Amino acid sequence: FSHSLARRYVYSFMGQKKLIIKDIVGMEHISSMESGAIITCNHFNAFDSFAIQMAYEYSGQRERKKNFYRVIREGNYTSFPGFFGFLMRHHHTLPLSSNRKTMREFFYATDTLLKEGHFILIYPEQSMWWNYRKPKPLKEGGFHFAAKNGVPVIPCFITMTDSPYVGEDGFPVQEYTIHILPAIYPDTALSVAEAKEK
């Protein structure tokens with residue numbers, strides 16, 4: 001139910017020119033993926049995960065019964081009110097937590113989903129800087145999950161240009177170009193720690 005609501009909302013948002021996906025470059029890197037995978041992306045807007053979700057939708061993987069999940073921070077899971085809060089808690093999200101027991105469940109769920117062939121979006125920069133256009137240093141968490149489970153990382157980066165439309169915040173709505181790069185596979189000859197670093 002939440003997935004159906006989210007899809008309707010995203011398509012409505014796109015129709016109103018509040019989310020503009022100008023181009024998707026490298027779609028074949030998701031379309032051809034046979035296994036589960038970690039997807040990484042820069043984080044600069046509350047809606048950038050919807051842009052990556054649209055790339056997943058267009059890739060044909062949904063028809064192959066592969067689901068798209070996103071890792072979110074604890075505050076987004078517990079503190080968002082209303083419609084967005086509902087989506088944060090119910091629309092294929094994996095919340096990070098300060099509670100050890102919950103984190104054990106998180107690790108178990110992540111391993112299980114990757115082994116079942118699903119996709120998990122992780123923001124390796126671990127912070128959102130509004131409309132920041134450059135890469136930031138990456139943390140290693142997402143790469144650990146990929147190395148541990150023997151699945152690839154599909155690196156993505158969204159570039160932005162000003163559109164002719166002005167958003168409710170008074171700034172130009174950004175046109176997104178989603179760049180999907182070739183998958184990076186873990187080196188199985190190395191330990192998990194070494195493969196993660198590589």
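**Exercise 1.** In this predicted model, characterise the second largest pocket by how much space lies in it, by which residues lie nearest its centre, and by the class of its lining residues.

*Solution.* Start with the volume: about 430 Å³ of space lies in the second largest pocket. Next, take the lining, which comprises 21 residues, with Lys18, Asn45, Phe47, Gly167 and Asp169 lying nearest the centre. Sorted by class, this lining holds 12 nonpolar, five polar and four charged residues. Finally, assign the lining to elements: strand β7 (residues 172–180) supplies the largest share, four residues.

**Exercise 2.** Determine which residues touch the most other members of the largest nonpolar core, and which element gives the most to this core.

*Solution.* The largest nonpolar core has 34 residues, and those touching the most other members are Ile39, Ile52, Phe119, Ile154, Ile158, Ile178 and Ile180. Elements giving two or more residues to this core include α1 (2–15), β2 (37–40), β6 (153–166) and β7, while α3 gives the most, with six residues. A separate core of 14 residues lies apart from it, with Val71, Met103, Phe145 and Val151 among its members.

**Exercise 3.** Work out which way the side chains of β5 point, and in which sense β5 pairs with β2 and with β3.

*Solution.* In a regular strand, side chains alternate between the two faces of the sheet. In β5, Phe119 and Leu121 point one way and Ile120 and Ile122 the other, all of them being buried. β2 pairs with β5 in the parallel sense over four bridges, with Thr40 opposite Ile122. Strand β3 (residues 68–72) also pairs with β5 in the parallel sense, over three bridges, and here Tyr69 stands opposite Ile120.

Definitions and conventions: Residues are numbered from 1 along each chain as its sequence is written. This is a predicted model: local features need pLDDT of at least 70, side-chain atom pairs count only at pLDDT 80 or more; totals for chains, interfaces and linings use all residues. Side-chain values use heavy atoms; hydrogens and water are left out. On a 1 Å grid over the protein atoms alone, a cavity is a set of points where a 1.4 Å probe fits but cannot get out, and a pocket is an open set with protein on both sides within 12 Å along at least five of seven lines; lining residues have an atom within 4 Å of a point. Grid points are joined across faces, edges and corners, and a volume is the space filled by probe spheres set on the points. Ala, Val, Leu, Ile, Met, Phe, Trp, Tyr, Cys and Pro count as nonpolar, Asp, Glu, Lys and Arg as charged, and the others, Gly among them, as polar. A nonpolar core is a set of buried Ala, Val, Leu, Ile, Met, Phe, Trp, Tyr and Cys residues joined through side-chain atoms within 4.5 Å. Buried means under 20% relative accessible area, exposed over 50%, partly exposed in between (1.4 Å probe, protein chains only). Two strands pair if DSSP finds at least two bridges between them.
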